[in-house]
Amino acid sequence: MCGIAGFTHKSWNPDNGRINRTVSSLIHRGPDQQGVHRSGICSIGATRLKILDLNGGDQPIYSADNDLVIVFNGEIYNHLELRKELETLGHRFISHCDTETVLHAFQEWDTDCFSRLRGMFAVALWTESKKRLVIARDRMGIKPLFVAQKNGDIFFGSELKTIFVHPEIDRTLSLEALDCYLSLNYVPGPQSLVEGVEKLRPGHWLEWKSGEVRSEAYWQLPYGVSNEWTFESAKEKLDELLRESVREHLLSDVALGVWLSGGLDSSTVLHYAAQASGSRLKTFSISFRGRSFDETEYIKRVVSQYGTEHEQFDLNPEVNLADTIQEMTYYSDEPMADAGALPVWYLSQMSKTGTTVALSGEGADELFGGYLTYRANRLADPVRKLPKSVKQFALNVVKSLPISDDKISFEYKAKRFLEGSLMSPERAHVYWNGTFSEAEKRKLTNAKLPKTLRGILNQMHQLPNSGDDLAPYLWFDQKYYLTEDILAKSDRMSMAHALEVRPAFLDHRIVEFATTLPAAMKIRGSRQKFILKELMRGKLPVQTLTRSKVGFDIPAHDWLRGPLREFMLETLHEGLTEHAALFRAEAIESYVRAHLERKVNVGYHLWGLIVLFLWMKRWSVQSLSPIHEKVGFSARLGTYI
């Protein structure tokens, strides 16, 4: 695992230290070794976290004639079989690392090599004789890669901060991206929250040659593939794929563990890892002792069954939460508005004390229909047919219910569900797991935001009719929510601690297989991830299979009224003072007041604004205007400070 960065400079001469500063901004991703390559018009470099071939594989790596150079971030799980094939074609290797395998694969097959790679990666290859730069990203976007173009040159890096090293790149907030962020709590690719900076799309490569840029897909997220499976044959195939994927994900020359929540997905990964591993496994968990969503009881059962060497960290208000949240803004690239970033931070920090690699269960919910929103999509159909007056009456009743301090309480879910039933199915799907509605966004900002989100949601309408009511939502969540929220959160928080996280469910063979399954194998009545649960029946504890899903995040509603209240008020005041030209202080004030007075739970809305302002401050990202209009936010909320 590493970080990579670089830039072209065909018509200007950077100072000798520019590439070193760019690479140094990623040292947390690769503290074991750093290296750079400079040529007349291209500079690239990498930081390395040693996982395979600890005594070799330092980067950059060069071809035998020094014409081709590579920097690489990630893991290629089939690199040994590729290496054997390449050796039969005449290639000779000097190390045992997968980076060198990718270099030779590119020499042999050019950009066609990327479709042969099985793993997670971001890579850059410079060919001196052709003055050609090629960068690429893995199929599911597990590893990040940011790109900016300016005056015929290209700037790229594993994290946004590598782009910020360059004074040529303006740091202006993108209103197109903000429109999505305020509703989704993440920014769908390829756009980023910074104007002019994009993310390379998953499954794509990009070529720069003499100032000309072109990009193509080497893999597309599957949709609507139809295979005739019996339930038993599908279970057998899933078992085979999981067994193979987890076995490959255990490839490591350093200590390895498993992130364990006690839920179905992480416990499944542990089950297959325990079968494939010849040694006792380490597991790591986060608890919330004393809270209704604490998973310790389930974790203990799984730990006992597999006899793991277990470590657990209790996340509670006694921890210095505010300082951690501010520190996270350095590593987050874009604001980490998913409140689950906080427990992932502490989980990564704890895991690093005992291991360098951790397997995780991310991706199973998006592949097999694990989120409650998928059932809500179906339940909302008959509700939408009711008279609007009936729906509004029900909503008013729900709004009168007492506000709970639970993470996601009944009244919160009921309110969001009924509000979503008044929206289109596509808008409701993201609203149930999101924050601000379109009407709320209009009141929130002084600027008229572009309707970016509407265009993205319309992509679901453009999908071919598969006759599967679940398929469009799974496709959307795999394409956007999984990549830009779940995987981004896992990558940034883990790499902040030089920990490599491997999501074994996201082997592209499992992704392609899951697409071929009919909805009835994923959701049957109220039972979600049905095929996975049936596969694991008799293998995992019964309680793991029958328990309700618990999201991995913090009790934001409660903590923003309690231990994080002062921090919230101070951060919002400073942010509104700095960005008064863009945000309406009175609108945000009304949310804060209603939340603190327990009239409504909007903790996740406020969390998104808090981390947005912290991020803009940390990276000096400008909004509409450098002219600041002072606001009396703290004075109006003085009784709460």
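Buried means under 20% relative accessible area, exposed means over 50%, and partly exposed lies in between, with a 1.4 Å probe and protein chains only. Before I go on, two notes on where the values come from. This is a predicted model, where local features need pLDDT of at least 70, side-chain atom pairs count only at pLDDT 80 or more, and totals for chains, interfaces and linings use all residues. Residues are numbered from 1 along each chain as its sequence is written, and side-chain values use heavy atoms, with hydrogens and water left out.

Now the whole chain. The secondary structure comes to 26 helices and 19 strands. These are DSSP runs, numbered from the N terminus: helices are H or I with at least four residues, strands are E with at least two. Along its principal axes, the C-alpha trace spans about 75 × 65 × 50 Å. How does the radius of gyration fit a compact globule? With 641 residues, such a globule would have a radius near 26 Å, and the chain has 24 Å, which agrees. That radius is taken over C-alpha atoms, and the globule rule is 2.2 Å times the number of residues to the power 0.38.

Next, contacts. Contact means heavy atoms within 4.5 Å. Take the contacts in the chain with a separation of 6 or more: residues 24 or more positions apart account for 74% of them.

On to helix packing. Two packed helices are described by the angle between their axes and the distance between the axes. The axes are lines fitted to C-alpha atoms, for helices over the stretch in contact, and angles run from 0 to 180 degrees between N-to-C directions.

Start with helix α13, residues 388–399, and helix α14, residues 410–420. They pack at an angle of about 160°, with their axes 9 Å apart. So α13 is roughly antiparallel to α14. The cut-offs: under 35 degrees is roughly parallel, over 145 roughly antiparallel, 65 to 115 roughly perpendicular, and the rest oblique. The crossing of α13 and α14 is left-handed. That word applies if the near helix is turned anticlockwise from the far one by less than a right angle; clockwise is right-handed. Who touches whom? On α13 the contact uses Ala 394, Leu 395, Val 398 and Lys 399. On α14 it uses Glu 411, Ala 414, Lys 415, Leu 418 and Glu 419. By class, that contact has five nonpolar, no polar and four charged residues. Here Ala, Val, Leu, Ile, Met, Phe, Trp, Tyr, Cys and Pro count as nonpolar, Asp, Glu, Lys and Arg as charged, and the others, Gly among them, as polar.

Helix α14 has another partner: helix α15, residues 425–432. The angle is about 160°, and the axes are 9 Å apart. So α14 is roughly antiparallel to α15. This crossing is right-handed. From α14 come Arg 416, Phe 417, Glu 419 and Gly 420; from α15 come Ala 428, Tyr 431 and Trp 432. They divide into four nonpolar, one polar and two charged.

One more pair: α5 and helix α25, residues 603–618. Their angle is about 140°, with axes 9 Å apart. That makes α5 oblique to α25. Leu 178, Tyr 181 and Leu 182 in α5 meet Gly 608, Leu 609, Val 611 and Leu 612 in α25. Six are nonpolar, one is polar and none is charged.

Now the backbone. Most residues other than glycine have a negative phi, and most peptide bonds are trans. Which bonds are cis here? One joins Gln 59 and Pro 60, with omega about 0°. Pro 60 sits in the loop between β3 (42–48) and β4 (61–62). Another joins Gly 189 and Pro 190, with omega about 10°. Pro 190 lies in the loop between α5 (175–184) and β10 (197–199).

Lys 131 has about 50°. Its loop runs between β6 (119–127) and β7 (132–137), and at 32% relative accessibility Lys 131 is partly exposed. Asn 151 also has a phi of about 50°. Asn 151 is in the loop between β8 (146–150) and β9 (153–157), and is exposed at 69%.

Last, His 9. Is His 9 buried or exposed? Buried, with a relative accessible area of 4%. Leaving aside neighbours within four places in sequence, His 9 contacts Pro 14, Ser 39, Gly 40, Ile 41, Cys 42, Ser 43 and Asp 153.
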